[in-house]
Amino acid sequence: MFKHQVGGKKMMKVRRYLRGSGRVLAFVFIASVIWLLFDMAALRLSINDVNSQLLRERVNREKEIMMMKKQQHVWVTQPKRRGFKHPVQRVTRPGKIQQSPSIKLDEVYRNKPDPKLEIKPSDQRHGGHVLKNDSSKSLSSQNNAGSLPGKKAVNLDLNVAVANVTREALKRELDESAQFTRNPLDNQDSKTHKKIKVDLVKSGVKVSQPNGEEAHPVKTISQQTHVRDANAKEEGRPNASPQWGNHSSAVRKPGVHKVLSLDATHAPRDPDAVGQFGQAVFLPGSRDAEVRRRWDEGHFNVYLSDQIPVDRAVPDTRPEMCAQSLVHDDLPTTTVIFCFVDEVWSTLLRSVHSVLNRSPPHLLKEIILVDDASTKDHLKEQLDEYMSQFPKVRIIRLKERQGLIRARLAGAAVAKGEVLTFLDSHIECNVGWLEPLLERVYLDRKKVPCPVIEVISDKDMSYLLVDNFQRGIFKWPLVFGWSPVPEDVIKKNNMKVTDPIRCPVMAGGLFSIDKKYFFELGAYDPGLDVWGGENMEISFKIWMCGGEIEIIPCSRVGHIFRGQNPYKFPKDRQKTVERNLARVAEVWLDEYKDLFYGHGYQHLLDKKVIDIGNLTEQIELRKRLKCKSFKWYLENVFPDMDTPVVKAEGLIFNRGLRKCLALQKDSLSFEICDLSKKNQQFNYTWMKNIRHHDLCVAAQDEGSGFVLVPCDNSKRELRWFYKTSDSALTEHLISELVGNHMCLEAEPRNDSLRLRPCQPSSVFQKWEFTHHYVR
């Protein structure tokens with residue numbers, strides 16, 4: 001027992017000793033850790049001091065370099081505000097309608113670009129990166145004819161005037177197309193093709209889909225890839241159909257592939273080049289005078305354009321799903337037609353290069369440059385020499401100035417492609433631009449697809465995004481504009497940002513069309529002069545004669561919107577455009593042409609003022625094509641357009657007599673108002689006529705009053721001003737023929753009519769129509 005107690009005491013002493021040692025050991029361990037942490041913190045502070053010193057030295061050195069380069073007038077490119085690093089890099093686009101505030105959207109669809117020159121001040125160049133001098137050499141020195149030794153000029157065997165070979169070729173095409181319309185093929189092919197489309201949808205496009213290399217030998221080429229000549233040969237067009245062009249839907253193999261995001265260049269791009277990736281460029285203030293001096297050459301920043309590479313990269317602005325879109329392997333080939341007169345060298349070359357670099361070679365049959373009698377030296381031998389390096393580029397020179405419309409006809413007449421693609425000569429095609437257009441023509445030869453027209457700034461040459469769901473429309477008097485697709489249409493059709501958009505009127509500068517269909521429609525009206533109204537004419541013709549116009553969101557082309565045309569019109573510009581629009585109105589607008597003339601164009605009805613030419617051929621063409629009415633167009637293509645045929649109609653009530661105007665035999669009198677009586681029904685037209693069927697009220701001299709005569713829109717004596725508000729003479733009918741404000745007045749003594757000097761307070765001069773459509 002005693003031994004056990006002694007042993008227990010000893011064990012307790014050992015435990016106490018060990019417990020005290022543990023405290024010591026723990027203290028030593030903790031102290032060591034704390035010391036180590038202090039040591040590491042001290043080391044980190046030392047490293048930070050060194051880094052801070054190095055950073056300060058670097059910043060000071062860069063400031064010195066910036067100051068030195070500022071003295072050398074170096075350009076500064078705007079920071080990559082959208083994060084573009086690669087020409088085929090994706091740009092995250094917003095949803096269906098709502099746009100992200102961080103993405104810069106251009107207002108060109110809503111407001112006309114400001115033609116005024118605004119140069120950014122040089123002190124706003126903060127935050128950019130400085131570019132090297134050797135990356136900003138003038139294009140005039142880079143691309144002159146002497147830079148291509150040993151190259152022979154293009155054999156210009158097509159240097160003919162439209163009046164010669166071109167007119168004969170055009171007539172031949174029109175004759176063949178007329179024969180085609182008189183003897184159309186059966187619709188068996190169309191049914192077959194519809195079946196293919198249905199099968200594709202039902203099966204989730206489960207058809208033979210070869211990989212990229214099997215479908216197309218041309219691979220997607222990145223920014224750094226150096227290709228020898230991506231456009232010299234037509235290679236490996238898969239499953240080409242020899243029957244294409246005979247009918248819209250010849251039987252084809254339904255193989256499909258993803259759209260090619262092709263961007264092939266002859267040499268690696270310089271990522272630090274001026275304006276690369278479509279970024280804005282700010283110029284030093286010392287260059288403002290030079291910019292202004294050269295502005296009138298193209299009515300945009302020509303000086304800056306000449307510093308930007310002709311094959312620069314632009315951001316891929318397509319909606320995200322476009323890169324996954326499927327198109328058929330055997331799409332038709334196309335001829336791209338550029339028409340120009342005195343175009344700026346750099347923009348013309350950049351337009352051509354964008355097509356060559358970003359178009360699948362097997363689909364690009366050729367590029368035709370139609371020179372509409374340019375006067376600038378660089379567009380003659382120098383252009384011939386430069387383009388001789390591209391076998392697919394042909395140049396046609398017109399001996400005399402013909403204007404855009406006839407120049408396009410000249411190019412179309414000699415085109416070899418199955419589809420015609422018209423482009424302006426100051427554009428930049430984006431990646432994947434061509435196949436979506438050709439796919440729509442492939443599916444239906446009467447579809448006329450247009451790319452989304454994005455904006456290249458006329459001031460800083462930046463490539464800008466535009467809003468989704470935009471379409472081309474017109475307002476009276478036939479003025480083109482952009483308008484968003486109505487929200488109810490988007491919701492009703494569950495539209496996605498990649499869906500084709502029905503377009504009532506095309507902008508006219510950029511579109512594709514089946515060549516044979518183009519000539520079946522009669523091409524452009526050859527009676528149209530130079531420029532203006534041709535987009536209205538071909539848009540109405542396409543829709544009313546069985547075709548469709550679409551905007552394709554997966555096809556995007558940048559365009560420089562200039563404040564005014566840099567070239568001169570052979571005749572007066574305003575008269576030329578007015579004359580063209582009058583031809584369109586007379587042929588296509590039916591009874592709605594009064595809306596055109598009634599919006600300030602009454603003077604065009606006077607043949608002594610302007611001769612719009614013979615319309616017989618165009619009217620016969622419309623009959624032969626069995627085109628629908630303009631009313632049908634408004635109801636089915638552009639139903640949201642509010643277009644009343646007349647301004648007001650119904651009974652004409654006089655506030656003084658409390659009676660209504662009535663037609664009795666060949667004269668006018670007053671009766672008790674009765675909506676059921678046809679002799680009391682009148683129209684107040686857009687031509688300002690008071691009309692009952694074919695008879696109109698005509699003013700005569702003061703006192704003698706008026707007479708009823710057959711309606712004639714060209715006669716001033718038939719016109720009466722009438723306003724329901726915002727006028728001292730509200731509800732007065734004021735004669736346009738008789739001066740001194742003579743008004744139509746009811747005579748209370750014998751219920752007759754007469755002309756009297758206008759009196760704002762006279763109730764016998766106040767008239768009211770039953771229905772007012774325009775106030």
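Salt bridges and surroundings

There are 37 salt bridges in this structure. Before I go into them: this is a predicted model.

I will start with aspartate 371. Its salt-bridge partner is arginine 397, and the closest N and O atoms are 2.7 Å apart. This pair links distant parts of the chain, with aspartate 371 in strand β7, residues 364-371, and arginine 397 in strand β8, residues 393-397.

Next, aspartate 458. This residue forms a salt bridge with lysine 459, and here the closest N and O atoms are 3.4 Å apart. Aspartate 458 has a relative accessible area of 8%, and the cut-off for buried is under 20%, so aspartate 458 counts as buried.

How accessible is glutamate 768? Its relative accessible area is 29%, so glutamate 768 is partly exposed. Arginine 655 also counts as partly exposed, because its relative accessibility is 29%. Elsewhere, salt bridges that share partners join Arg440, Lys447, Glu548 and Glu550 into one network.

Now the nonpolar side of the surface. Which residues form a nonpolar patch there? They are Phe29, Ile30, Val33, Ile34, Leu37 and Phe38, and together they have about 620 Å² of accessible area. Take isoleucine 34 as one of them. Isoleucine 34 is in helix α1, which covers residues 2-71. With a relative accessible area of 42%, isoleucine 34 is partly exposed. The cut-off for joining a patch is over 30% relative accessible area, so isoleucine 34, at 42%, clears it.

On to one strand pair. Strand β13, residues 470-475, and strand β14, residues 479-484, run antiparallel and are joined by 6 bridges. Within that pairing, glycine 472 has tryptophan 482 in β14 as its bridge partner. The hairpin of β13 and β14 has 3 residues between the strands, and in that hairpin leucine 478 takes a positive phi near 55°.

Glutamine 279 is in the loop between β3 (256-258) and β4 (281-282). Its side chain reaches the backbone oxygen of glutamine 276 at 3.2 Å. Is glutamine 279 buried or exposed? At a relative accessible area of 4%, glutamine 279 is buried.

Last, the overall numbers. The protein has 18 helices and 29 strands. Of its 775 residues, 53% are buried. For contacts with a separation of 6 or more, 78% are between residues 24 or more positions apart.

Note on methods
Residues are numbered from 1 along each chain as its sequence is written. This is a predicted model: local features need pLDDT of at least 70, side-chain atom pairs count only at pLDDT 80 or more; totals for chains, interfaces and linings use all residues. Side-chain values use heavy atoms; hydrogens and water are left out. A salt bridge is a side-chain nitrogen of Lys or Arg within 4 Å of a carboxyl oxygen of Asp or Glu. Helices (H or I, at least four residues) and strands (E, at least two) are DSSP runs, numbered from the N terminus. Buried means under 20% relative accessible area, exposed over 50%, partly exposed in between (1.4 Å probe, protein chains only). Patches are made of residues with over 30% relative accessible area and no salt bridge: like charges are joined within 9 Å, nonpolar side chains (Val, Leu, Ile, Met, Phe, Trp, Tyr) within 5 Å. Accessible areas come from the Shrake-Rupley method with a 1.4 Å probe; for residues, only the protein chains shown count as cover. Two strands pair if DSSP finds at least two bridges between them. Contact means heavy atoms within 4.5 Å. A polar contact is a pair of N or O atoms within 3.5 Å; within protein, one must be able to donate a hydrogen and the other to accept it, and residues adjacent in sequence count only if both atoms are side-chain atoms.
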